Amino acid sequence: MDPTQQKALNALESYILLSKSATSPRAAVDLITQAISAPNTYVFTELLQTPNIQALRSAAPEHARYLTLLEIFAWGTWSDYQETPNLPLLTDAQSQKLRQLTLLALASSPSTLSYTSLLTALSLPSIRALEDLIISNIYAGLLSAKLDTLAKRMDVLSVAPLRDLRPGSVPQMVAVLEDWDNRCVGVLAEIEGQVMEVRRKAQEVRRRELENEKAVEKAMEAENEKGKGKSTGKRGAREVVDRDGAGGEGGEEMDLDDGGGRGTKRGSKRGGKIAGIAKKWTSQ
């Protein structure tokens with residue numbers, strides 16, 4: 001629980017205990033007057049719900065109007081007090097507190113409030129009075145804010161959870177939360193759809209990359225096969241040339257053989273001459 005809220009509840013606890021003995025309308029009215037005048041009481045729902053305080057609803061108008069006043073301190077604003085007829089007059093301390101509570105209601109966290117709008121909503125006579133009220137809220141721990149005197153605005157940083165819920169506001173809050181939930185569901189569905197689309201595109205890109213890789217591999221394999229065919233053709237050509245060369249040498253050998261034949265004839269003639277000489281020499 002927020003420390004400021006706990007402090008406010010502790011300050012109200014004694015009045016809740018006193019409400020058990022406030023059995024008469026006059027006693028209940030006095031108790032309400034004391035509670036809204038105390039310096040540290042900023043929450044009032046627990047006191048408002050006690051039986052003796054609720055009994056004022058059926059009391060005489062001069063007493064019942066204090067119950068309405070307590071309700072304004074619980075969840076209303078300064079303008080609610082001004083617009084509601086026949087309410088009791090407020091003391092300076094009570095007016096200061098109701099303006100402090102109204103400032104909490106106006107200051108949604110975080111927000112920026114102009115001096116002009118605050119002066120109107122709080123019915124303050126001057127900027128100095130407004131700044132004094134804001135500073136009193138800051139010192140009391142009711143809110144955290146920065147004053148921009150040049151721009152004449154208040155920048156709200158945080159607000160203490162001290163305002164009570166107005167009757168009938170819960171269904172409205174539930175409706176707002178349900179609408180917010182539906183919008184969140186719609187946004188999440190849209191995000192999921194975008195994620196699925198991104199994944200689909202990524203898969204499509206990957207599929208194309210694989211197809212391109214396979215096509216490149218096939219092209220490289222075909223190029224390699226073509227290169228191997230050329231190498232085989234060259235080797236075959238060289239073998240044919242080698243065989244043709246070998247045949248030429250054989251021809252030459254045949255020519256030589258033919259020449260050899262002629263050489264044999266010439267040798268035969270020379271041999272005949274030698275034999276004739278030998279025969280002639282032998283006869284001598």
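**Figure 1. Aromatic pairs in the predicted model.** In this predicted model, the count of aromatic pairs comes to two. One of them joins F44 and F73 in an edge-to-face arrangement, with 6.1 Å from centre to centre and 85 degrees between the planes. This pair links distant parts of the chain, as its members are 29 residues apart: F44 belongs to the loop between α2 (25-37) and α3 (45-48), and F73 to helix α5. F44 counts as buried because its relative accessibility is 0%, and F73 is likewise buried, with a relative accessible area of 0%.

Figure 2. As a reminder, an α-helix has 3.6 residues a turn, so residues three or four places apart point the same way. Are W78 and Y81 buried or exposed? Both are buried.

**Figure 3. The surroundings of F73 and the largest nonpolar core.** Let's return to F73 and look around it. Apart from neighbours within four places in sequence, F73 is in contact with I36, F44, L90, Q94, K97, L98, L101 and R163. F44 and F73 are also among the residues with the most contacts inside the largest nonpolar core, together with L47, I53, L70, M154 and L162. That core has 50 residues, and helix α5 (residues 61-75) gives the most to it, with eight residues.

**Figure 4. Helix α7 and two charges over rings.** Helix α7 (residues 92-106) has 15 residues and reaches 21 Å from its first C-alpha to its last, close to the 21 Å expected at 1.5 Å a residue. Buried residues in α7 include Q94, K97, L98, R99 and L101. Which ring does K97 lie over? K97 lies over the face of Y42, 5.3 Å from the ring centre. R99 places its charged end over the ring of W78, at 3.9 Å from the centre.

**Figure 5. Two loop residues with positive phi.** N86 is not a glycine, yet has a positive phi of about 65 degrees. N86 is found in the loop between α6 and α7, and counts as exposed because its relative accessible area is 64%. S123, also not a glycine, has a positive phi of about 55 degrees. Its place is the loop between α8 (115-122) and α9 (127-139). With 30% relative accessibility, S123 counts as partly exposed.

Notes
Residues numbered from 1 in each chain as written. Predicted model: local features only at pLDDT ≥ 70, side-chain atom pairs only at ≥ 80, totals over all residues. Heavy atoms only, no water. Core = buried A, V, L, I, M, F, W, Y, C linked by side-chain atoms within 4.5 Å. Buried < 20%, exposed > 50% of the residue type's maximum accessible area, 1.4 Å probe, protein only. Helix = DSSP H or I, 4+ residues; strand = E, 2+ residues; numbered from the N terminus. Contact = heavy atoms within 4.5 Å. Phe/Tyr/Trp six-rings, centres within 6.5 Å; stacked < 30°, edge-to-face > 60°. Lys NZ or Arg CZ within 6 Å of the ring centre and 35° of its normal. Expected span 1.5 Å × (residues − 1).
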